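Dear colleague,

I am handing over the structure we spoke about, and my notes on what was found in it follow below.

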Amino acid sequence: MAHENCNHGPGEHHHGHGHDHGHSHGPPGGPGGPPMDIQVDPAMQLLLDSLPHTPKPFALAEMPIPNTQPPITQVMVVCLEHKSPACEQCNVNFTGLNYMHQFLRAAPPEAIPPPPNVQPPPQRAEQIKAAKEAGNTAFKAGNIPVAVQNYSRSADMALSRPPWELAAVSRDETAIALCNRSAAFALAGAWANALADAEAVIALKRPWTKGHFRRARALVGLNRIEEARDAIVDGLQFEPDDKELNNFLQEVDVKLAEQDKA
């Protein structure tokens, strides 16, 4: 049985190597990208201005950051009169504000949520795709350990997308990487690993028939033929005319017939 990579995303038909699943991304905008023209919603601004608040006089001062050796200083918000970040006499405490400022200055760009409706920068998608393609190259060359390593790296990067990015993008990228890794494990005869990855693919994208094919393939490798047939039938309910599943169903039926004769 031929082993092919899952180069298409869930919901797309598979046509062999050389077809890549891509996602369009807008121009980078967020930390590290060009400045963005953020439109302020007048209604939201009016709502914020209407909230009860008491103006607090403040100043900006260069202050040492606590518990740093050697001492590090940064600009902090302090009370206007005593130049203290937390002042009982002025009844102000800017500790939380200064901590947030310190965190935002030190945090990597991906840790800071972008404004709403801003497309994520394309670098992560390009890295995920590059790792997947490196896995495909190793797979075609028969270098299974390197293929598995690159597919794992692709999946790890997809799963580490920030939570504010579209979950569907991460699911698609992860499903493709795990589907490819399942094929690599199958080629190496590591059927239990191949089955685990295939079941993860189905959990991520149940309607995608490639995951069901990978699961059935692993079950045949484990000599669980009847379960393999059930896996194929499960996949065919989503795409009854899927050629790959129907061809494999015929192979599995032959194996079941041979078992009955034995």
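Of the contacts in the protein with a separation of 6 or more, 52% are between residues 24 or more positions apart, a contact meaning heavy atoms within 4.5 Å. Please keep in mind that this is a predicted model, in which local features need pLDDT of at least 70 and side-chain atom pairs count only at pLDDT 80 or more, while totals for chains, interfaces and linings use all residues. Residues are numbered from 1 along each chain as its sequence is written, and side-chain values use heavy atoms, with hydrogens and water left out.

The secondary structure comes to nine helices and four strands, where helices (H or I, at least four residues) and strands (E, at least two) are DSSP runs numbered from the N terminus, and along the sequence the pattern reads α-β-β-β-β-α-α-α-α-α-α-α-α. Of the 262 residues, 38% count as buried (under 20% relative accessible area, with exposed over 50% and partly exposed in between, for a 1.4 Å probe and protein chains only).

Strand β1 (residues 58-64) runs antiparallel to β2 and is joined to it by seven bridges, two strands being paired if DSSP finds at least two bridges between them; Glu62 stands opposite Val75 in β2. Strand β2 (residues 73-79) is largely enclosed by the rest of the structure, because five of its seven residues are buried.

In the loop between β1 and β2 lies Pro70, which is joined to Gln69 by a cis peptide bond with omega of about -10°. Lys83, in the loop between β2 and β3 (86-87), has a positive phi near 55° and is partly exposed at a relative accessible area of 43%. Asn91, in the loop between β3 and β4 (92-93), also has a positive phi near 55°, and at 57% relative accessibility Asn91 counts as exposed.

Finally, the axes of helix α7 (residues 209-221) and helix α8 (residues 225-236) come within 8 Å and cross at roughly 175° (axes are lines fitted to C-alpha atoms, for helices over the stretch in contact, with angles from 0 to 180 degrees between N-to-C directions). That makes α7 roughly antiparallel to α8, a term for angles over 145 degrees, as against under 35 for roughly parallel, 65 to 115 for roughly perpendicular and the rest for oblique. Among the residues making the contact are His212 and Leu219 of α7 and Ala231 and Ile232 of α8.

Best wishes
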